[in-house]
Amino acid sequence: MTKRFYTPQSLGCAKLSKLAQRTFAAAIALNLWVNPSLAGDPFRTNEPRNIGDNTEAAFKAVFQQGDYLAAESYLQKAISSEPNEPLAYALKASLAYANKDFATLDTYSKKTLAAGQKLIATDQLRGNIYIAVGHFFEGATIITRDGTLRGAPQALTRLRQVYQHLDRAEAIAPQDPELNLLKGYMDLMLSVNLPFANPDDAIARLKTNAAPKYLADRGIALAYRDLKQYSQALEYVNSALKTTSDHPELYYLKAQILREQGQKAKSQSIIQEAVVNFDKALTKRSQLPADLVRQIERERNNTVNHLNNLNG
């Protein structure tokens, strides 16, 4: 089993800064949880866990419809009625990050960690998974509070703890879909930002053992986008859209892929298709975080400007 121990000296300041910023920020912004495919458990068809009705409803609101406002309402109920479910706290932390509410992020990072530690007594697999998630969010809190350069050494210490607990979970159930989904995403974030890392193992993990398939496909699409393999990226984002066609962030991802592909090929038609997908994402702007809407609008406008320049 491969252990990962990173230090500022081994990575170098510039690479450390980029790694810490993108690993902790991008992964949370993307979110690591998805719409339930089975009542009570979004990941497993065998030996499903009961995560609670309100937590499940929050999942559906965010990851099927992309409705963050509805999710907040469900999570308030989940936190009071399902207090031992660490996924509710993890989702709350993720939404806090999306809204740039860093005080709430700090609070629910700690609650995720505590709930994971408590769960160890009855479910060592998921307990270790959510101890890892809690440490991950704490690393994100450090980066946002202290900045990348000052916070990176502490954040990387958290990252080491993340992988220690993921390795413990893997020793219990190496093919568990929840574990492989989470670990696959984290490994991808590292591999696309470190020149000596190879994303192939992470992509293979998502393809073979991660579930639900929708989110595994989304992660693979992100990996291929960052690797500038745009045809493969489109294949996987389209596969994700077959399952969750109402999710605005998938259209945003597809728009990004098409924009890069079109600019590389200097193809007006592909870039125009990218604009169409940006617009599809923005049709549901009222249910998305305000900062995300502004980001989509900014990228859409830049893409239109590039298209106009091509038209001359």
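Biologist: What do the buried residues of helix 6 pack against?

Modeller: The buried residues of helix 6 pack against helix 4 (68-81), helix 5 (86-98) and helix 7 (124-146). Here buried means under 20% relative accessible area, exposed means over 50% and partly exposed is in between, with a 1.4 Å probe and protein chains only. Contact means heavy atoms within 4.5 Å. This is a predicted model, in which local features need pLDDT of at least 70 and side-chain atom pairs count only at pLDDT 80 or more, while totals for chains, interfaces and linings use all residues. Residues are numbered from 1 along each chain as its sequence is written, and side-chain values use heavy atoms, with hydrogens and water left out.

Biologist: Which residues in helix 6 are buried?

Modeller: They are T104, L105, Y108, S109, T112, L113, A115, G116 and L119. Seen down the axis of helix 6, these buried residues fall within an arc of 165°, so they line one face of the helix; the arc is that of the directions from the helix axis to the C-beta atoms.

Biologist: And which ones are exposed on the other side of helix 6?

Modeller: On that other side, A103 and K118 are exposed.

Biologist: Why do residues three or four places apart point the same way?

Modeller: An α-helix has 3.6 residues a turn, so residues with that spacing point the same way.

Biologist: How many helices and strands does the protein have?

Modeller: There are 15 helices and zero strands, where helices (H or I, at least four residues) and strands (E, at least two) are DSSP runs numbered from the N terminus. Of the 312 residues in the protein, 56% are buried.

Biologist: New topic: where is E85 found, and is E85 buried or exposed?

Modeller: E85 is in the loop between helix 4 and helix 5, and E85 is buried, with a relative accessible area of 8%. Leaving aside its neighbours within four places in sequence, E85 is in contact with N50, I51, T55 and R126. A polar atom of the E85 side chain also lies 2.9 Å from the backbone nitrogen of L87.

Biologist: What about Q263, which residues does Q263 touch?

Modeller: Not counting residues up to four places away in sequence, Q263 touches I271 and H306. Q263 is found in helix 13 (residues 248-265) and is partly exposed, with a relative accessible area of 28%.

Biologist: How far apart are Q263 and T303 in sequence and in space?

Modeller: Q263 and T303 are 40 residues apart in sequence, and 9.3 Å apart in space, taken from C-alpha to C-alpha.

Definitions and conventions:
Polar contact = N/O pair within 3.5 Å; in protein donor to acceptor, adjacent residues only side chain to side chain.
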